[in-house]
Amino acid sequence: MNPNNNELARTLKHEGVRIGEIIAYRACLVIHPRWFRSGDDRLRSVFMRDYVWHPDEPASGDVRTHGIYSFRAAIHSRAEYGYPGSVGPLLLGKVKIWGEIVEHEAGYRSEFGRLVSLDYGDPELLDKFRKLYRVNQM
């Protein structure tokens, strides 16, 4: 993340524009118990591995420092995601974002986000985490 982007976000004046929720796209990191001490079966942020996406509460962050990053266009694979540093499988899907939102060239940085679907990735992991996060359920 470019530190100048954070400084710019801190100095922006709120223009008073309000919209409803936005559906955006993001990747979540799966850390297997053998790779990580706790093995807590939670999805994590790719960039900030200590950040856990909990099934029953929205993700949150201060948009002036980090926030919840998401893409404007759907991502279908690790190659499209374009972040080479991730260790472990990625699950790709949709998030509903709201609150204070900073728009970037490729997507958004939002105050709040919640997984609404897991669409691409290892089929067994998709099945497991869809159940855990109660998404894509018919």
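Predicted model: local features only at pLDDT ≥ 70, side-chain atom pairs only at ≥ 80, totals over all residues.
1. Salt bridges overall. Side chains of opposite charge can pair when their charged atoms come close. In this model the count comes to six salt bridges.

2. Asp 41 and Lys 128. These two residues form a salt bridge, and their closest N and O atoms are 2.8 Å apart. Asp 41 has a relative accessibility of 31%, so Asp 41 counts as partly exposed. Lys 128 is also partly exposed, because its relative accessible area is 36%.

3. Arg 64 and Glu 100. A salt bridge joins the side chains of Arg 64 and Glu 100, at 3.3 Å from N to O. Here too the pair links distant parts of the chain, the residues being 36 apart. Arg 64 sits in the loop between strand E4 (59-60) and strand E5 (68-71), and Glu 100 sits in strand E6 (residues 90-103). With 33% relative accessibility, Arg 64 is classed as partly exposed. Glu 100 is partly exposed as well, at 29%.

4. Lys 94 and Asp 119. The side chains of Lys 94 and Asp 119 meet in a salt bridge with an N to O distance of 3.3 Å. Lys 94 is in strand E6 and Asp 119 is in strand E7 (residues 107-120). The two residues are 25 residues apart, and the pair is again one that links distant parts of the chain. The relative accessibility of Lys 94 is 27%, which places Lys 94 among the partly exposed residues. Asp 119, at 22%, is partly exposed too; the cut-off for buried is under 20%.

5. Ser 70. Is Ser 70 buried or exposed? Ser 70 has 6% relative accessibility and therefore counts as buried, since buried means under 20% relative accessible area. Ser 70 is placed in strand E5. Which residues are in contact with Ser 70, once its neighbours within four places in sequence are left aside? They are Ala 24, Tyr 25, Arg 26, Val 95, Ile 97, Gly 107 and Tyr 108.

Note on methods. Residues numbered from 1 in each chain as written. Heavy atoms only, no water. Salt bridge = Lys/Arg side-chain N within 4 Å of Asp/Glu carboxyl O. Buried < 20%, exposed > 50% of the residue type's maximum accessible area, 1.4 Å probe, protein only. Helix = DSSP H or I, 4+ residues; strand = E, 2+ residues; numbered from the N terminus. Contact = heavy atoms within 4.5 Å.
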